[in-house]
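Open the model in your viewer and keep the selection tool ready. The tour below goes stop by stop.

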Amino acid sequence: MMSRVEEVEEVEQLDSGMGSSDAHSPEVKSLLPDDEDDEEDESLAERLLGLTEMFPEKVRNVGYNIGSCLCNCMKGLYVYSCSAAWVFFSSSAILFAPILFEIERVQMEEVQRTQQKQVLLGPSKAMSSVNASSLPMAPPVQQ
């Protein structure tokens, strides 16, 4: 059986340098050993497990502790943010709801007064008083 160096030299002798033969040609593939097909594809979990074996136990424990602490901190931050958001929005609803209700009540009273004037004085007088109160008066036109 030929050694690896002899196989490579034989491949170089077969190649004329003209670019007609490349590494994927059938001649070269027949001479080189087929190592790529023998290896099974590893999953990500198997690769990570293999990587953990190269670190000492103490380093693995520190990494695990940091990861679990980080996970617990993120869970706590999530719970805290949910509680803070609930307190903020419920407090703002309690504080601003009476103001909004009062504004709505004042607007309703104004609409009722306008309707009463419309019934008592007629549509033109009621609308003129509404327009006069809500819009500034134009200056008189001089001729």
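## Stop 1: a charged stretch of helix α4

Select Arg 113 and Glu 109. Both sit in helix α4, four residues apart, which is about one turn of the helix. Bear in mind that this is a predicted model. Show the side chains: Arg 113 and Glu 109 form a salt bridge, with 3.8 Å between the closest N and O atoms. That falls inside the cut-off of 4 Å.

How exposed are the two partners? Arg 113 has 48% relative accessibility and counts as partly exposed. Glu 109 also counts as partly exposed, at 30%.

## Stop 2: residues 57 and 60

Move to Glu 57 and Arg 60. Both belong to helix α4, which covers residues 57-121. Three residues separate Glu 57 from Arg 60, about one turn of the helix. Their side chains meet in a salt bridge, at 3.1 Å from N to O. Glu 57 is partly exposed, with 48% relative accessibility. Arg 60 is partly exposed too, with a relative accessible area of 33%.

## Stop 3: residues 42 and 47

Select Arg 47 and Glu 42 next. They form a salt bridge, and the closest N and O atoms lie 3.8 Å apart. Glu 42 has a relative accessible area of 48%, so it is partly exposed. How many salt bridges does the structure hold? The count is five.

## Stop 4: the annotated span

Select residues 77-101. An unreviewed UniProt entry places the feature "transmembrane region" here. Colour the span by secondary structure: residues 77-101 are 100% helix and 0% strand.

## Stop 5: two phenylalanines

Finish at Phe 88 and Phe 89. Both are exposed. Turn to the rings. The count of aromatic pairs comes to one. In that pair, the ring centres of Phe 88 and Phe 89 are 5.1 Å apart and the planes stand at 75 degrees, so the arrangement is edge-to-face. Two cut-offs matter here: centres must lie within 6.5 Å, and planes over 60 degrees apart count as edge-to-face.

Technical notes: Residues are numbered from 1 along each chain as its sequence is written. This is a predicted model: local features need pLDDT of at least 70, side-chain atom pairs count only at pLDDT 80 or more; totals for chains, interfaces and linings use all residues. Side-chain values use heavy atoms; hydrogens and water are left out. Rings of Phe, Tyr and Trp (its six-membered ring) pair if their centres lie within 6.5 Å; planes under 30 degrees apart count as stacked, over 60 as edge-to-face and the rest as tilted. Buried means under 20% relative accessible area, exposed over 50%, partly exposed in between (1.4 Å probe, protein chains only). Helices (H or I, at least four residues) and strands (E, at least two) are DSSP runs, numbered from the N terminus. UniProt positions are given in the numbering used here, feature names are shortened, and annotations may be inferred rather than shown by experiment.
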